[in-house]
Amino acid sequence: MTKPRTLRAPPPPKRFGWPLASSSCLALLLAVSAAVGACADIEEAPPPPPNLPTVAPQSGAPRLSIAQYRNAVRDLFGASVVVPAALEPDTSLSGFVSIGSAQSAISPRGVEQYEEAAYAIAEQALSTQAQKAALVPCTPKNPTDEECARAFVETLGRRVWRRPLAGDEVTQLAAVVTGAGKTLGDFYQGAAFGIAALLQAPSFLYRPIVGEADSTSPSGKRLSNYEMASRLSFFLWNSTPDDALLDAAERGELTQPQAVRREAERLLEDPRARLAFRNFVTEYLRLDLLDALSKDPTIFTYYSPDLGPAAREETLLNFETLAFDRQTDFRDVFISQRTFVNSKLASMYQVAAPAADGFAEVTLPADVPRRGLLGQISFLSLYAHPTSSSATLRGKVVRSVLLCGEIPPPPVDVNTAIPEPSPNAATLRDRVKIHLEDPFCASCHLKMDPIGLGLENFDGIGRYRATDNGATIDASGELDGAEFGGPVELAYTVRNHPDLGPCFTRRVYQYATSFVEKAADDDAIAALAARFEANGFKVKDLLLDIATSPGFLLAGEAP
Amino acid sequence: MAFLPMLKKLRYVAALGMLAASLAPIGGCTDEEPPPETSTAPVSQCGGGAPKSFLISTLGFTRIDETTGKVKGFNLDGVVSDGTDEASCFKKDFVSFSGEKGVDNQLASLIPDVEAILGDAVDGLIQGAINNGGLLIFLTVERADNLQNDDCVDLTVTTVLGKPTLGTNGVIEAYQTFDPDPEGEVSHATGGKIVNGELTIGPFELAIPIAIFDVAFTIHVHDALFKLKLTGEDGVAKEGLLGGGVVPQEILDGVAPGAGVDQYIPVLTLVLNGSTDLEIDEEGTCQQVSAALQITAVEAFLRP
């Protein structure tokens, strides 16, 4: 295929072009209006799932994150298609890219990047006979075969836009294909322009949630079938729906909680569900930051650029295995003595590496007080300073991310420096004492530092140490009234904390819905958390419950 | 041959030779009559503590202190020679830094001369071989119930395969895992003791395969003595000392196949044969040269 952009085929209609899409508000309107137009067949509203309170649902149009964009292209056009690296950056809000994507706009540069990506993908998508046969459901008679162009646009457009195309949309896109085909003298080169137009459209780049009438909903709306197909697949696969899911939507099944659960169960058995869950865990713990992990190499001689990514993989394998293979209590990820290591991590954990290459499961040595997530290098190195450990950073993550506790930001003019080590204050516990004794500091630091001090046996990159500046480390403390003697007991204390399960439920709920929950959601989240506990804290059950919960099924007014 | 390439070649030949020489001395053990201390299938009455393994992470020549004349090493032959006794081929023994007399370490006296010619490259070449995985010596302390004090422990020395990871300080990181070397000779010593966290064991026959550049051969260190500090902070290299006697001819035969080495053999022969001080034969010629190497070792694993 020749380079489409240099050949200047007839431009697609403005409805699909970026002059409109460059305004996020306008794009949203377009996406919303398109979605509404395609979902006219309203069915009888189902009752909400039993035992789950109704909620005040939200509407909007989350933009595809970079990962979602890439995954969608992979699932639409095959893994061999390379997506250009430069795309509009993700924005994280409330800890999740999916929430940030629901509220952020696209920059002018981002518009250009989506355009460049669309053409690059289109050029690859039809580069082989096999690809052409897979994407074009007919044999074109000539470069301007309108019938074939319409069939191509209808078939592929449904998958790319995750809904059937309206008649005028098919007409306009088919005109792009035949117009470019005429100019270039080749149907498939024209089809590539059609792909580029599909990929630049708001209907691909956004996931509009408008809803349809539902008399049983507080807002009077529920998600339409196709909206639910998208929401379900982007939650459980972090990617676009497959044909089976779109077929279920076409049959009108996805307004029924039972059918949604059935589809959710099917999706969870697909390998893409594991990747999606890994994506959730990555955002939940900010493990993406491990790519840029930076430590002072003169202090941490075991630091290397590959440490961060390896540590992230370890943590992801732990979560994935627990959720999808063992399917046991998710809280065990905090106390497990078994983990996954490569050669580098094995040496840092002081265990023999089972395999020369890649990761393998090992049991951590009994004489080192390292257990579970809080003992993993990902957590310990990420939540530390470049030159030292940090009781405050580690404690803050446990308190706010894992237990959903509130910690106000420090006052603007406060001096956060802690004293340098000295003979009288060798350990971090001694040095942060000022934070814990000064009432001005203590109100917040007492919520964080005592937790983090329980992990002081691990340095700024997570290596075990018995002493700090020559002094024996005291890693004892208490968390909300539960005393612990060191990191192992802290791990059990966190694991058994009554807020851990409900907080995890809240995080998954936020991630699933792509919106910051409202106060009205609290009862629903509490009900989900109760079911999570009743089901033995099994992650897959939680995912299924959320997928069929009111907050996931119902739509409402835009915030 | 141009001067610089020649010097480079001389450096590694000398390094090999010096290293080989340093990994041997004394004893009366021959192939026909293995010493009773050495056994490939030892029977020990020691306890059954879990094995603890180490990888030799640095290996360096011992040097005579210019001020005191003292040097690290072992009294390998059990006598104190003042330079007048024939049994030591008239080589004067040294005094250790702790005051022990009779230290046999003739190789140490050669080091300044070698370094005067070669600069300080010799230790670097050896370290390079370790870091590149060409000289990975694995020590396994066995049957030790107590790493602080134990009067009956064994030691296995073998080579392993792998590519060590270096820390940002250029030192091999502790607790790495290596693969067994199926072709490596295994040396075993029994009856060692740990006193105040320091293992002392030997004499035993020690085989060390050497691979530097295009030369690969096995040096047999006779009546080797070995000590290593076992305790201390986790992951921090432990210091130790290795001594024994090597037969010069074994070294010369080992390095000879190296490309372009043959022209340096006469010099090396002269240096090594002129330093022998152990295992005198009926003709009054000492058969081995005594040496001692200072080592550091880090905890390591053998892949299960």
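In which sense, left-handed or right-handed, does α12(A) pass α14(A)? The crossing is right-handed. A crossing is called right-handed if the near helix is turned clockwise from the far one by less than a right angle, and left-handed if anticlockwise.

The model is predicted; local features need pLDDT of at least 70, side-chain atom pairs count only at pLDDT 80 or more, and totals for chains, interfaces and linings use all residues. Residues are numbered from 1 along each chain as its sequence is written, while chains are lettered from A and ligands numbered from 1 in the order in which they are written.

Helix α12 of chain A spans residues 225-236, and helix α14 of chain A spans residues 257-268. Helices are DSSP runs (H or I, at least four residues), as are strands (E, at least two), numbered from the N terminus. The two axes lie 10 Å apart at an angle of about 35°. Axes are lines fitted to C-alpha atoms, for helices over the stretch in contact, with angles from 0 to 180 degrees between N-to-C directions. From α12(A), the contact draws on A:M228, A:L232, A:S233 and A:L236. From α14(A), A:V260, A:E263, A:A264, A:L267 and A:L268 take part. Contact requires C-beta atoms, placed from the backbone, within 7 Å. By class, 7 of these residues are nonpolar, 1 is polar and 1 is charged. Ala, Val, Leu, Ile, Met, Phe, Trp, Tyr, Cys and Pro count as nonpolar, Asp, Glu, Lys and Arg as charged, and the others, Gly among them, as polar.

Chain A is assigned domain 1 (4-40 + 59-208), domain 2 (280-495) and domain 3 (500-546). These bounds come from an automatic or database domain assignment. The C-alpha centres of domain 2 and domain 3 of chain A are 25 Å apart. Their contact involves 14 residues of domain 2 and 13 residues of domain 3. On the domain 2 side, α15(A) gives the most, with 3 residues. That side holds 9 nonpolar, 1 polar and 4 charged residues.

Chains B and A each give 14 residues to their contact. Strand β4 of chain B (residues 176-180) supplies the largest share of the chain B side, 3 residues. The chain B side has 4 nonpolar, 6 polar and 4 charged residues.

The largest nonpolar core has 153 residues. Helix α10 of chain A (residues 187-200) gives the most to this core, with 10 residues. A second, separate core has 67 residues, including B:L110 and B:I251. A core is a set of buried Ala, Val, Leu, Ile, Met, Phe, Trp, Tyr and Cys residues joined through C-beta atoms within 7 Å. Buried residues have 20 or more other C-beta atoms within 10 Å of their own, exposed ones 12 or fewer, and partly exposed ones fall in between.

Technical notes
Two residues are in contact if their C-beta atoms, placed from the backbone, lie within 7 Å.
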